[in-house]
Amino acid sequence: MAGIRNAAPYREFPGTDGNTALKVRRQNLRSGQMVMWDKEAGVFVPYRNPGRSYKLLRRHLIVLAAILGLLYVGAIVRSAALVRTGNQLVTLQMQESRLMNDNARLKLQVEKLRTPERITDLAERQLHLSVARSNIYLGTR
């Protein structure tokens with residue numbers, strides 16, 4: 001294991017349990033991880049500083065959760081608006097079909113009331129008018 005120690009230069013830091021913590025230079029390891037020599041096993045083991053702070057990670061996670069929450073609420077509001085608009089559209093289509101049926105019924109009623117037989121019948125019965133046979137001219141042009 002001495003070859004490992006010689007291959008990567010270390011700086012010694014006092015450890016919390018009486019051992020020596022060694023920090024690998026950043027040029028040799030990308031993570032910049034601290035290692036510690038385990039006397040019993042005779043190998044280098046990863047060392048984690050017990051006072052390490054995760055405040056920045058927590059802050060990023062909170063911001064991410066807030067953004068996801070806002071996106072979720074926005075999706076719910078949008079879907080509620082789509083449902084409301086769909087219901088209004090269905091209501092307007094039902095009203096349109098009802099009005100079209102009423103319009104067709106009223107047109108049929110107007111055509112029935114407009115017949116010449118009905119008009120002459122009303123004139124004779126209610127207004128007591130009669131057709132003047134002397135004013136009827138038959139002619140050709």
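Residues are numbered from 1 along each chain as its sequence is written. In this predicted model, local features need pLDDT of at least 70, side-chain atom pairs count only at pLDDT 80 or more, and totals for chains, interfaces and linings use all residues, while side-chain values use heavy atoms, with hydrogens and water left out.

Me: Which element of the protein chain has the highest mean pLDDT?
Reply: pLDDT is the predictor's confidence in each residue, from 0 to 100. The protein chain averages 77, and 64% of the residues score at least 70. Helices (H or I, at least four residues) and strands (E, at least two) are DSSP runs, numbered from the N terminus. Among these elements, helix H1 (residues 2–7) has the lowest mean, 40, and the highest, 96, belongs to H2.

Me: How many contacts beyond near neighbours in sequence does the stretch of residues 1–10 have in the model?
Reply: The pLDDT over residues 1–10 is below 50. Where pLDDT is low, the predicted coordinates should not be read in detail. A contact means heavy atoms within 4.5 Å. Counted beyond near neighbours in sequence, the contacts of residues 1–10 in the model come to 22.

Me: Why does Arg125 count as exposed?
Reply: Buried means under 20% relative accessible area, exposed over 50%, and partly exposed in between (1.4 Å probe, protein chains only). Arg125 counts as exposed because its relative accessibility is 54%.

Me: What is the area of the nonpolar surface patch that includes Tyr54?
Reply: Patches are made of residues with over 30% relative accessible area and no salt bridge, with like charges joined within 9 Å and nonpolar side chains (Val, Leu, Ile, Met, Phe, Trp, Tyr) within 5 Å. Accessible areas come from the Shrake-Rupley method with a 1.4 Å probe, and for residues only the protein chains shown count as cover. Tyr54, in the loop between strand S4 (43–46) and helix H2 (55–113), is partly exposed at 32%. With Leu57, Leu61, Val63, Leu64, Ile67, Leu68 and Leu71, Tyr54 makes a nonpolar patch of about 750 Å².

Conventions. A salt bridge is a side-chain nitrogen of Lys or Arg within 4 Å of a carboxyl oxygen of Asp or Glu.
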